[in-house]
Amino acid sequence: MNAAQRREKILQQLHGASAPISASALAAKLGVSRQIVVGDVALLRAGGAEIEATPRGYQFHPTPGGYTGILACVHRTADEMRTELYTVVDQGGVVVDVAVENPLYGELRGNLNLASRYDVDTFITQAANTPECLLSRMTGGVHLHTLRCPDEETFQRIEAALRKKGILY
């Protein structure tokens, strides 16, 4: 299989996926190294494919629907982070990303796409293994989340629940 065929197979795998697929899993299916897949995905993205890199792997950029809003939050512990993320997904929202303001680079953003407690638990486990990588550590816990919700009422319900728990900044 040549490089173009391999990239086509990557696109096919992502189109048929109901969840993100890791570079390692794609590499195993294609019989190449993880680094080859990472390079192929970079080339596909440069060519216009709307592929997102999430903590759980690659996925096509979700089609926006419903209501999207941004909330400023603050947490200082893993338990507070879990409470924050559980609150969003339990109320029917999806945590699309996290963003912080960096004095050197400006806004830094990381894709999350957390839609369930399972997604949150997976993310929390990854964060525990690499705590220095959390963007919120650069800002004393202050960060922004883009939330995708079925409607504005859901967003307002999430905002109220986070405010009640003292998580809104």
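How many residues does the hairpin use to join S1 to S2? The hairpin runs through 2 residues. This is a predicted model.

**Hairpin**
- Strand S1 (residues 51-54) pairs with strand S2 (residues 57-60) in the antiparallel sense, over 4 bridges.
- Opposite Glu 52 stands Gln 59 in S2.

**Aromatic rings**
- The structure holds 1 aromatic pair.
- Its members are Tyr 67 and Phe 155, with ring centres 5.4 Å apart and planes at 55°, so the pair counts as tilted.
- The pair links distant parts of the chain: Tyr 67 belongs to strand S3 (residues 67-74) and Phe 155 to helix H6 (residues 152-164), 88 residues apart.
- Tyr 67 is partly exposed, at 26% relative accessibility.
- Phe 155 is buried, at 6% relative accessibility.
- Elsewhere, Arg 117 lies over the face of Tyr 86, at 3.8 Å from the ring centre.

**Helix H5**
- H5 (residues 117-129) has 13 residues, and at 1.5 Å a residue it should span 18 Å; its end C-alpha atoms are 18 Å apart, which agrees.
- Buried in H5 are Asp 119, Val 120, Phe 123, Ile 124 and Ala 127.
- Seen down the axis, the buried residues of H5 fall within an arc of 130°, so they line one face of the helix.
- An α-helix has 3.6 residues a turn, so residues three or four places apart point the same way.
- The buried residues of H5 pack against helix H4 (78-90) and strand S5 (106-114).
- Tyr 118, Ala 128 and Asn 129 are exposed, on the face of H5 turned away from its buried side.

Conventions. Residues are numbered from 1 along each chain as its sequence is written. This is a predicted model: local features need pLDDT of at least 70, side-chain atom pairs count only at pLDDT 80 or more; totals for chains, interfaces and linings use all residues. Side-chain values use heavy atoms; hydrogens and water are left out. Two strands pair if DSSP finds at least two bridges between them. Rings of Phe, Tyr and Trp (its six-membered ring) pair if their centres lie within 6.5 Å; planes under 30 degrees apart count as stacked, over 60 as edge-to-face and the rest as tilted. Buried means under 20% relative accessible area, exposed over 50%, partly exposed in between (1.4 Å probe, protein chains only). A charge sits over a ring if NZ of Lys or CZ of Arg is within 6 Å of the ring centre and within 35 degrees of the ring normal. The expected span of a helix is 1.5 Å times one less than its number of residues. The arc is that of the directions from the helix axis to the C-beta atoms. Contact means heavy atoms within 4.5 Å.
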